[in-house]
Amino acid sequence: MTQQITLRPYWYLRHGQTDWNRDGLSQGRTDVPLNATGIEQAQAAAGLFKTALKNHSPFTHIVSSPLDRAFQTAAIVREGLIAAGFEALPLETDDGLEEVCFGEQEGQPMGDWYDSWIAGAYTPAGAEPFAELRHRAIAAVNRATGLGGVPLIVAHGALFRALRAAMNLPANVRLPNATPLWLQPGKAEQEAWQLTVMEHA
């Protein structure tokens, strides 16, 4: 039986921009840091959260990918909220939230092979199959939501494609950098989740 994502709400934030994002390159597991734009995006995300947390369940802890671009984004958001008077929340990492390894495609221009990869028909040489990514992404989210309270998960774009598939949403949708998402489960495992994008008014 395919592993299922636990029906508990959570927040999700993809990391801010890197130079490789800007240049349209596949990053995968390569540990590319935020650029100046990415730092500004993370700071802006903290501002979005200040507003969003008035209307949605606040997060109680932050779980990040250990890759620098995600952890730096998480730390900037956390510090921005502390500066705004919010409680200093626990921030930890989970290796299961690391971005997919894209093998020989890392550092190469993003191609049109994602649909085939998601379908299991093609995996780049040295890369992680989509089914394996989905399995570990579900496990990491289940660990984060199983701690009690509502987590903010800070991670990556391809990893979120795997989570979208697990939440019965179309998988191959590009997630913008540093845009907070509020995710609520349907009433049953077969129902799609509700995804709310937090944007500046």
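Which residues of H2 are buried? The model is predicted, so local features need pLDDT of at least 70 and side-chain atom pairs count only at pLDDT 80 or more, while totals for chains, interfaces and linings use all residues. Residues are numbered from 1 along each chain as its sequence is written, and side-chain values use heavy atoms, without hydrogens and water.

Helix H2 covers residues 36–52; helices are DSSP runs of H or I with at least four residues, strands runs of E with at least two, numbered from the N terminus. Its buried residues are Gly38, Ala42, Ala45, Ala46, Leu48, Phe49 and Ala52, where buried means under 20% relative accessible area, exposed over 50% and partly exposed in between (1.4 Å probe, protein chains only). Seen down the H2 axis, these residues fall within an arc of 165°, so they line one face of the helix; the arc is that of the directions from the helix axis to the C-beta atoms. An α-helix has 3.6 residues a turn, so residues three or four places apart point the same way. The buried residues of H2 pack against strand E1 (10–14), helix H3 (68–83) and strand E4 (151–155), contact meaning heavy atoms within 4.5 Å. On the face turned away from the buried side, H2 carries the exposed residues Ala36 and Glu40.

Asp94 lies in the loop between strand E3 (91–93) and helix H4 (114–119). Asp94 counts as buried because its relative accessibility is 14%. Leaving aside residues up to four places away in sequence, Asp94 touches Val63, Ser64, Ser65, Pro66, Ala140 and Arg143.

Conventions:
The expected span of a helix is 1.5 Å times one less than its number of residues.
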